Amino acid sequence: MMDACRMRTAPTPRRTGSVLLLTSLIASGTALALAGDTASHRVTQKGRSFAPGAITLRAGEGLAIVNDDGELVHHAYLENPDFSFDTGEQIPGSKTVVFFPKPGQFTILCGIHPKMKLAVSVK
């Protein structure tokens, strides 16, 4: 059993690495969250398309990107000078939550299915 006092006083190398990674992601404008985080909005990947195909958010809100496309793998990403993220391969049933830190017009693409596009307007 873990000692609660020990956990508070001495961060493990893994925890320290996680804090450094999170700090560098926030500083770079990248805002990916863990799959268990809650989101204000949700889009699905089904039939080799995003549904809905366009969505409007407020800055700071989270968007859950869910792969519910049968056996297909997807790879959502966004490359923009102000904000970018890359989910990596999303296996069927997976969910990634992305928080958009600033206003703008963005297009999320799938690295596997080039016709997939999601227009995101952040107010």
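A nonpolar core is a set of buried Ala, Val, Leu, Ile, Met, Phe, Trp, Tyr and Cys residues joined through side-chain atoms within 4.5 Å. The legends below describe close-up views of a predicted model.

**View 1. The largest nonpolar core of the chain has 19 residues.** Within this core, the residues that touch the most other members are Leu-63, Ile-65, Phe-100, Ile-108 and Val-120. At least two residues of the core come from each of strand E4 (54-57), strand E5 (62-67), strand E6 (76-78), strand E9 (104-110) and strand E10 (117-122). In the chain as a whole, 33% of the 123 residues are buried.

**View 2. Ile-65 is shown with the residues that it touches.** Residues up to four places away in sequence are not counted here. Among the residues that Ile-65 touches are Val-43, Phe-50, Ala-76, Phe-85, Val-98 and Ile-108. The list also includes Gln-45, Gln-90, Ser-94, Lys-95 and Thr-96. For the chain, 56% of the contacts between residues at least 6 apart in sequence join residues at least 24 apart.

**View 3. Five strands form an open sheet with mixed pairing.** The order of the strands in this sheet is E4-E10-E9-E6-E7. E4 and strand E7 (85-86) are the edge strands, and each pairs on one side only.

**View 4. E4 and E10 are paired in the parallel sense.** Four bridges connect these two strands. Ile-55 is placed opposite Val-120 of E10. Val-120 is also one of the core residues that touch the most other members.

**View 5. Gln-90 is located in the loop between E7 and strand E8 (95-99).** Gln-90 counts as buried because its relative accessibility is 1%, and buried means under 20%. The side chains of Gln-90 and Thr-96 are joined by a polar contact of 3.3 Å. When neighbours within four places in sequence are left aside, the residues in contact with Gln-90 include Gln-45, Asn-67, Leu-72, Val-73, His-74 and Ala-76. Ile-65, Lys-95 and Thr-96 are also among the contacts of Gln-90.

**View 6. The accessible surface of the chain comes to about 7,700 Å².** Carbon and sulfur atoms account for 59% of this surface.

Key
Residues are numbered from 1 along each chain as its sequence is written. This is a predicted model: local features need pLDDT of at least 70, side-chain atom pairs count only at pLDDT 80 or more; totals for chains, interfaces and linings use all residues. Side-chain values use heavy atoms; hydrogens and water are left out. Buried means under 20% relative accessible area, exposed over 50%, partly exposed in between (1.4 Å probe, protein chains only). Contact means heavy atoms within 4.5 Å. Accessible areas come from the Shrake-Rupley method with a 1.4 Å probe; for residues, only the protein chains shown count as cover. Two strands pair if DSSP finds at least two bridges between them. A polar contact is a pair of N or O atoms within 3.5 Å; within protein, one must be able to donate a hydrogen and the other to accept it, and residues adjacent in sequence count only if both atoms are side-chain atoms.
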